[in-house]
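Trainee: I've got a model open on my screen and I'd like to learn how to read it. Could you walk me through it?

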Amino acid sequence: MLELHSRGSKLDADPPHMGVKIPRLITITDLETCSRQEERSIRNADGYREPRKGGTGTEFVVRAQACAGWFATPMRMRRVLEWLDTEGFLDHGRDRTATRSNMWAQKQVTWPDGTRVRSIAIYLPRGLADLTLDG
């Protein structure tokens, strides 16, 4: 399981200036390396990561509700989603809308445990290297 924020540790960056709030442990299950027990408990995870089927790169799928809780305001979340969309990293099935809603960025995804979850799906062809400033 990949932990984006470990218990009891402080983030190096100051979240308020980024508009990100991390009130609790964020769990992203790595389907490539997780145990069967972790895979069965995926319904407790905020998201999962796996190699893209039939291609290269990595796909991150995060529960839309959990993702919304990471940002101080819906507008800050929207800015991040718009950037991901502009860069071609956001995998969604709708056109971007002018409304304040972020529903356009969500899609129904069948998770590994068979449940259908409204999710934010991000595809990074070069993995996390796509998100670096010098990338």
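This is a predicted model: local features need pLDDT of at least 70, side-chain atom pairs count only at pLDDT 80 or more; totals for chains, interfaces and linings use all residues.

Trainee: Where is His92 found?

Mentor: Look in the loop between α4 (74-86) and β5 (107-110).

Trainee: How do I read its accessibility: is His92 buried or exposed?

Mentor: The general idea is a cut-off: buried means under 20% relative accessible area. His92 has 19% relative accessibility, so it counts as buried.

Trainee: Which side chain joins that of His92 in a polar contact?

Mentor: For a polar contact, you look for a pair of N or O atoms within 3.5 Å. Here the side chains of His92 and Asp85 are joined by one of 2.8 Å. Check the backbone as well: a polar atom of the His92 side chain lies 2.6 Å from the backbone oxygen of Arg94.

Trainee: Trp104 was on the contact list of His92. How far apart are Trp104 and His92 in sequence and in space?

Mentor: They're twelve residues apart in sequence, and their C-alpha atoms are 7.4 Å apart in space. Trp104 also has its place in the loop between α4 and β5. With a relative accessible area of 2%, Trp104 is buried, because the cut-off is under 20%.

Trainee: What is Trp104 in contact with, leaving aside neighbours within four places in sequence?

Mentor: Among its contacts are Arg78, Leu81, Glu82 and Asp85, and the list also includes Leu90, His92 and Arg94. Asp85 is on the His92 list too.

Trainee: What about the other tryptophan I can see, Trp83: where does it lie?

Mentor: Trp83 lies in helix α4. Its relative accessibility is 41%, so Trp83 counts as partly exposed, the class between buried and exposed. Trp83, Leu128 and Leu131 form a nonpolar patch on the surface, and together they have about 310 Å² of accessible area.

Trainee: Now zoom out for me. How many helices and strands does the protein have?

Mentor: Four helices and six strands. Along the sequence, they follow the pattern β-α-β-α-β-β-α-α-β-β.

Trainee: And what share of the residues counts as buried?

Mentor: Of the 135 residues, 39%. The accessible surface of the protein comes to about 8,400 Å², and 51% of that belongs to carbon and sulfur atoms.

Trainee: How do contacts reach along the sequence?

Mentor: Take the contacts with a separation of 6 or more: residues 24 or more positions apart account for 46% of them.

Terms used:
Residues are numbered from 1 along each chain as its sequence is written. Side-chain values use heavy atoms; hydrogens and water are left out. Helices (H or I, at least four residues) and strands (E, at least two) are DSSP runs, numbered from the N terminus. Buried means under 20% relative accessible area, exposed over 50%, partly exposed in between (1.4 Å probe, protein chains only). A polar contact is a pair of N or O atoms within 3.5 Å; within protein, one must be able to donate a hydrogen and the other to accept it, and residues adjacent in sequence count only if both atoms are side-chain atoms. Contact means heavy atoms within 4.5 Å. Patches are made of residues with over 30% relative accessible area and no salt bridge: like charges are joined within 9 Å, nonpolar side chains (Val, Leu, Ile, Met, Phe, Trp, Tyr) within 5 Å. Accessible areas come from the Shrake-Rupley method with a 1.4 Å probe; for residues, only the protein chains shown count as cover. A salt bridge is a side-chain nitrogen of Lys or Arg within 4 Å of a carboxyl oxygen of Asp or Glu.
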